[in-house]
Amino acid sequence: MTAAERWRERLAEWAIPDEIVAKAPEPPWGFATECFRRRGEMAPDPEPTPTTRRALEALPEDGTVLDIGVGGGGTSLPLAGRAGSIVGIDQQPDMLEGFLANAAAAGVDACAVTGAWPEASADVERADIVLAGHVVYNVSALEPFARALDSHARRRAVLELTLRHPLDWMSDLWLRFHELERPDGPTANDAAEVLEDLGFRPEREERLVTDRHASGGFRRREDAIHSVRKRLCLSADQDPEIADALGGRLRELHGLWDVGPEERTVVTLWWDPRDR
């Protein structure tokens with residue numbers, strides 16, 4: 001079994017059983033635009049992350065950036081001070097609206113493309129830097145995804161992802177409410193193996209993200225609880241029990257309600273294309 005096949009197999013284990021989805025009051029998929037837009041609004045100000053530093057190393061003045069799964073621009077807008085333009089790709093039009101608003105506020109030229117990667121690769125030109133932040137755990141076919149990143153990057157491709165699956169912290173909740181065991185993988189190590197198998201020779205840097213780095217969140221406590229309820233395919237009358245089960249993972253930070261682990265390890269993987 002290749003590394004790419006192993007990645008696909010392990011990721012498929014995260015599928016929610018059909019019988020649980022059938023009883024869900026609303027579809028459990030999708031992302032809260034509110035949080036992603038807020039991360040993009042705050043993106044130009046925080047201290048540079050390893051992802052930002054590695055991208056800036058290879059980005060020339062007035063260079064071009066392509067951001068896959070752009071969301072509100074949280075991965076690419078920290079480059080606004082040097083980038084001449086940023087192209088953002090996302091499957092959610094409301095995410096792209098937020099990205100364009102945040103880019104305008106940051107003073108950088110930007111354009112948006114609605115679509116999935118690598119299918120949308122034919123609609124965009126190569127860029128100096130190609131980024132994909134917190135996207136790959138939604139990509140089962142990682143090999144063509146990574147190959148398209150590599151072919152579109154003139155100077156560097158940069159991935160950012162959590163060390164473990166981003167929903168790993170909810171495993172105890174699935175067990176409590178559905179008696180469902182969640183898988184252990186895949187991890188960032190598996191993603192790195194896929195890149196290595198493709199001959200990209202990625203370099204790696206890790207950082208521990210804690211509450212003090214929090215940049216997103218919900219204005220209302222009930223919206224934070226709803227985000228978990230939706231994922232768990234539960235009904236609104238179970239909100240008190242959900243809040244009780246979350247414990248300290250539901251908390252107010254900087255005037256916003258955050259839900260999730262108090263700390264997590266984030267991995268940056270980067271490589272320079274072979275034809276550079």
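In which strand is the place of Arg-156?

**View 1. Arg-156 and its setting in strand E5.** In this predicted model, the place of Arg-156 is in strand E5, which covers residues 153–162. Arg-156 is buried, because its relative accessible area is 8% and a residue counts as buried when that value is under 20%. Between Arg-156 and Ala-83 there are 73 residues of separation in sequence, and their C-alpha atoms are 14 Å apart in space.

View 2. Side chains of opposite charge can pair when their charged atoms come close. Here Arg-53 forms a salt bridge with Glu-205, and the closest N and O atoms of the two are 2.7 Å apart. Arg-53 counts as partly exposed, at 34% relative accessibility. Through salt bridges that share partners, Arg-53, Arg-54, Glu-57, Arg-156, Glu-205 and Asp-272 are joined into one network. A search of the whole structure finds 20 salt bridges.

**View 3. A salt bridge between Asp-128 and Arg-154.** The closest N and O atoms of Asp-128 and Arg-154 are 3.3 Å apart, and the two residues form a salt bridge. Asp-128 lies in strand E4 (residues 127–133) and Arg-154 in strand E5, so the pair ties together parts that are 26 residues apart in sequence. The two partners can be described by their accessibility: Asp-128 is buried, with a relative accessible area of 9%, whereas Arg-154 is partly exposed, with a value of 34%.

View 4. The side chain of Asp-67 is joined to the side chain of Ser-76 by a polar contact of 2.7 Å.

**View 5. Asp-184 and Thr-187 in the loop between helices H7 and H8.** Asp-184 is found in the loop that runs between helix H7 (171–178) and helix H8 (188–197), and Thr-187 is found in the loop between H7 and H8 as well. Asp-184 is exposed, with a relative accessible area of 59%, while Thr-187 counts as buried at 13% relative accessibility. Together with Glu-5, Glu-9 and Glu-13, Asp-184 forms a negative surface patch. The side chain of Thr-187, in turn, reaches the backbone nitrogen of Asn-189 at 3.2 Å.

Note on methods:
Residues numbered from 1 in each chain as written. Predicted model: local features only at pLDDT ≥ 70, side-chain atom pairs only at ≥ 80, totals over all residues. Heavy atoms only, no water. Patch = residues over 30% accessible without salt bridge, like charges linked within 9 Å, V, L, I, M, F, W, Y side chains within 5 Å. Areas by Shrake-Rupley, 256 points an atom, 1.4 Å probe, with all protein chains shown as cover. Salt bridge = Lys/Arg side-chain N within 4 Å of Asp/Glu carboxyl O. Lys, Arg positive; Asp, Glu negative; His and termini not counted. Charge placed at Lys NZ, Arg CZ, Asp CG, Glu CD. Helix = DSSP H or I, 4+ residues; strand = E, 2+ residues; numbered from the N terminus. Buried < 20%, exposed > 50% of the residue type's maximum accessible area, 1.4 Å probe, protein only. Polar contact = N/O pair within 3.5 Å; in protein donor to acceptor, adjacent residues only side chain to side chain.
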